[in-house]
Amino acid sequence: MKYIAFSIGLLFLLLAALTVWQWETVWSVLKPFIADSEAVQPTSQLKTPSELLEYIVSHPENVSLVAYEIGNSETGIFYRDVEKRPLASTIKILILAEYARQVEQGILSPDEAIDLNSVNLYYLPNTDGGAHPQALKYFREKKYVNAENKIALRHIPTAMIRYSSNAAADYLIERLGRENIEKLPSVLGLPSEDVPLPIIGQFLSWDDTAISTLPEERLKIYQAMSKTEYTNSVYNLTSKWKTDAAFRDRKIKDMLKFISINDQQAMAEALNPGGTAKAYAQIMERIYTNSLISPDVSQIMREYLEWPMQNAPVREKFDVLSAKGGSLPGIVTETMYAKGKNGERGRVVALFFEHIPSDEWLQLMQTYVQQDFEIKLLTDKQFFETVRQKLQHFSGN
């Protein structure tokens, strides 16, 4: 048991890094409102996997969880597994899938030298937890950027997946093409899943005073739109950001300045593209088994998603470990697949939260207990069975 606890704790610290970057930006955006918030004092403690399990049990309408041993899903956990929830950065897995498909088909060359400024153009300061600057720092340390500020296209998905750069995601959406992105769920056999939207355009829509000066009124207008109408609005705002320097400078200065925590959460939960835990668990399983679109596509995706394996302590405990999560106000999503050194089969997990009260959401952003919970599901059979039994009432099996 000591060995298991040590392993879980070590991996928890390694995986926490991604959320730390997200938290820095989340905090910079939200802290002006926290001083006036009545919800600053936590009403519950979410510091351990067991405490998080109790939260899940007591908030079934707001949480989805799927976890199972690959090839043995009949004994898995399927908790609110087909309810669509906002995905935050977890949807970047779909962007990666389309990138891998186009590389496999020769549409894109991963060796293409691109101007890094064409990616930086999409960067909106203080909205991605410092992820994009961290990625740029990593690229320069590795000497991937040449004297002309150019970098091979193959590195941009690293910024998007490992560092969760929104700018990298938006650059790739443009390169891959809206039409191709929108076809992807059907290509994957998951037509009911939402498609990725440009992230800069989504944030701009939250703050689009041309629609209305009141955030709650803007939200009502957006909710009255069809999905296509809102999507067109997001793409139009993204285009304006790219082509109108005065607009871009004004938004960099004032973006989200007057939007409260509650308004940000309402926008994110109503407008962010969604997906189901069942579908994303299946996507991760198919990547692990080299069966998402094709073996070559899956292998390209694994190269990026298995970034934790670059850490020696992770390699000591796992044959394979992948991770991609996301967060927005009131939303936390996490997906992983893994195979431990002593495991006979790989395991997959998808954990999606929404409608999280501000105080509890802030706790998750500081403790990363959701990652600790997932690692324990992936490595501790006794804990897995405890969770399965607790949630059996809502099981899809």
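Student: Let's start with helix 9: how many of its residues are buried?

Tutor: Helices here are DSSP runs of H or I with at least four residues, and strands are runs of E with at least two, numbered from the N terminus. Buried means under 20% relative accessible area, exposed over 50%, and partly exposed in between, using a 1.4 Å probe and protein chains only. Ile199, Phe203 and Trp206 are among the buried residues of helix 9. Helix 9 spans residues 199–206 and is mostly covered, with the buried count at eight of eight.

Student: Before we go on, what kind of model is this?

Tutor: It is a predicted model, where local features need pLDDT of at least 70, side-chain atom pairs count only at pLDDT 80 or more, and totals for chains, interfaces and linings use all residues. Residues are numbered from 1 along each chain as its sequence is written, and side-chain values use heavy atoms, with hydrogens and water left out. So, the kind of model: predicted.

Student: How many salt bridges does a search of the whole structure find?

Tutor: A pair counts when a side-chain nitrogen of Lys or Arg is within 4 Å of a carboxyl oxygen of Asp or Glu. Searching the whole structure on that basis, the number of salt bridges is 18.

Student: Which residue forms a salt bridge with arginine 85?

Tutor: The partner sits in the loop between strand 9 (347–353) and helix 17 (358–367), while arginine 85 is in strand 3 (residues 85–86), and 269 residues separate the two. Arg80 and Glu83 are linked with them in a network of salt bridges. The closest N and O atoms are 2.7 Å apart, and the partner is glutamate 354.

Student: Arginine 175 and glutamate 112 also meet in a salt bridge, so how many residues apart in sequence are the parts they tie together?

Tutor: Their side chains come to 3.0 Å, N to O. Arginine 175 lies in helix 7 (residues 166–176) and glutamate 112 in the loop between helix 3 (92–104) and strand 4, so the sequence separation is 63 residues.

Student: And how exposed is each of those two?

Tutor: Arginine 175 has 28% relative accessibility, so it counts as partly exposed. Glutamate 112 has 29%, so glutamate 112 counts as partly exposed.

Student: Lysine 227 and aspartate 194 form a salt bridge too; how far apart are the closest N and O atoms?

Tutor: Lysine 227, at 57% relative accessibility, counts as exposed. Aspartate 194, at 13%, counts as buried. For this salt bridge, the closest N and O atoms are separated by 3.0 Å.

Student: Which residue is 5.8 Å from alanine 113, C-alpha to C-alpha?

Tutor: Alanine 113 lies in strand 4 (residues 113–115). Contact means heavy atoms within 4.5 Å; leaving aside neighbours within four places in sequence, alanine 113 is in contact with Lys150 and Ile151. The residue at 5.8 Å is 37 residues away in sequence: lysine 150.

Student: In what order do the five strands of the open sheet run?

Tutor: Two strands pair if DSSP finds at least two bridges between them. Strand 8 (residues 331–340) and strand 9, for instance, pair in the antiparallel sense over seven bridges, and valine 332 stands opposite phenylalanine 353 in strand 9. The pairing in the sheet is antiparallel, and the order is 2-1-9-8-7.

Student: What angle does helix 19 make with strand 2?

Tutor: Axes are lines fitted to C-alpha atoms, for helices over the stretch in contact, and angles run from 0 to 180 degrees between N-to-C directions. Helix 19 (residues 381–390) lies across strand 1 (63–69), strand 2 and strand 9, and its angle to strand 2 is about 55°.

Student: At what angle do the axes of helix 11 and helix 12 cross?

Tutor: Angles under 35 degrees count as roughly parallel, over 145 as roughly antiparallel, 65 to 115 as roughly perpendicular and the rest as oblique. The axes come within 6 Å, and the crossing angle is roughly 100°. That makes the two helices roughly perpendicular.
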